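Please consult the sequence and the model shown here.

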Amino acid sequence: MRVVSLVPSLTEAVAVTAPGLLVGATDWCTRPAGLTAARIGGTKNPDVAAVLALRPDLVVANEEENRPDDLAALRSAGTRVLVTGIRTLDQALAELERVLAACGLPRPRWLDEAEAAWAALPAPRAPRPAVVPVWRRPWMVLGRDTFAGDLLARLGVRNVYADHAERYPRVPLAELNAAGADLVVLPDEPYRFTADDGPDAFPALPAALVDGRYLTWYGPSLVRAPAALRAALR
C-alpha cells in the first residue's frame with residue numbers, strides 16, 4: 001500500500017508503525033527523524049498534483065488541519081481520502097486505530113501503551129483555572145471542544161475559555177489577564193512561546209512552558225505526554 005499523510009501527527013503514527021508505507025508527507029511532518037517520504041507542500045496548501053503523482057492508495061487527513069477543497073480535489077481524481085476528527089483523547093485513540101487499520105496495519109503496541117499511560121493518571125484534584133494561548137499578535141487561546149483542552153482537563157487544568165463560542169477565540173491581552181486564571185500554559189507550537197516570549201505578557205501569573213508536541217499531537221507522542229505534561233505543569 002502507498003500512503004500520503006497531510007497531518008504531522010498521522011505521519012508519525014504511520015511511519016513509526018510501518019516505516020515503508022508512507023510515500024508522501026507535508027513540509028511540516030518533522031517526525032520521525034529521517035523521514036524520507038516525498039514532500040508535497042503544507043497542511044493548508046498541499047500540492048494536489050504532486051500528491052496524485054505519487055499514486056497513493058490512501059490519503060490521510062484531518063478536518064481541522066486540512067482544507068475541504070483540497071480533499072475534494074483528491075477525491076474527484078479518484079483517490080481514497082480518510083478524514084479524521086479529533087477533539088478528545090478518546091477520539092484520538094479511536095481514530096488512530098481506524099487510520100492504521102485503513103493502512104492494513106494491526107493495532108500497534110505503542111497505541112496500547114498510550115491508552116494505558118493516560119488511564120493510569122491519578123484523578124485530578126480541584127482543577128486549576130488557566131488560560132492557554134496558542135498565538136500572539138493577535139492573541140488567540142484554546143476555546144471550546146479542543147484536543148489540547150481535553151488533555152489539560154485530564155491533568156487537572158481547567159481552561160477558562162472552554163465554554164467560549166469559538167474553538168480558538170481571539171481575546172485581548174487585558175481580558176486574558178482579567179479572566180480569573182491562576183496559571184498561563186504556553187506551548188511552543190503553533191506559536192513558539194519561550195521563557196523570553198510569552199510569560200512577560202502575564203506578569204501576575206505563573207507560566208508553564210510545555211512541549212507543543214505533547215499537548216497537540218496525537219500518535220506515538222501520547223505515550224510520553226502524560227508524564228511530560230505533568231512535569232511541565234508543576
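Angles between axes that are under 35 degrees count as roughly parallel, over 145 as roughly antiparallel, 65 to 115 as roughly perpendicular, and the rest as oblique. The model is predicted.

In this predicted model, the axes of helix α4 (residues 89–102) and helix α6 (residues 147–154) come within 8 Å and cross at roughly 120°. The two helices are therefore oblique to each other. At their contact, Leu89, Asp90 and Ala92 of α4 meet Phe147, Asp150, Leu151 and Arg154 of α6. Four of these residues are nonpolar, none is polar and three are charged.

The strands form an open sheet of five, in the order β3-β2-β1-β4-β5, with parallel pairing. Strands β3 (38–39) and β5 stand at the edges with a single partner strand each, so one side of each lacks a neighbour in the sheet. Two of the strand pairings are set out below.

| Strand | Partner strand | Direction | Bridges |
|---|---|---|---|
| β1 (residues 3–5) | β2 (residues 22–25) | parallel | three |
| β4 (residues 58–62) | β5 (residues 81–84) | parallel | four |

Within these pairings, Val3 has Leu22 in β2 as its bridge partner, and Asn62 stands opposite Thr84 in β5.

Helix α1 (residues 8–17) packs on the sheet, where this helix touches β1, β2, β4 and β5. The direction of α1 makes about 165° with that of β2. Helix α4 also packs on the sheet, touching β4 and β5, and its direction makes about 170° with that of β5. Finally, β4, helix α3 (residues 68–76) and β5 together make a right-handed β-α-β unit.

Methods
Residues are numbered from 1 along each chain as its sequence is written. This is a predicted model: local features need pLDDT of at least 70, side-chain atom pairs count only at pLDDT 80 or more; totals for chains, interfaces and linings use all residues. Side-chain values use heavy atoms; hydrogens and water are left out. Axes are lines fitted to C-alpha atoms, for helices over the stretch in contact, and angles run from 0 to 180 degrees between N-to-C directions. Contact means heavy atoms within 4.5 Å. Ala, Val, Leu, Ile, Met, Phe, Trp, Tyr, Cys and Pro count as nonpolar, Asp, Glu, Lys and Arg as charged, and the others, Gly among them, as polar. Two strands pair if DSSP finds at least two bridges between them. A crossover is right-handed if, with the strands pointing away from the viewer, the path from the first strand over the helix to the second runs clockwise.
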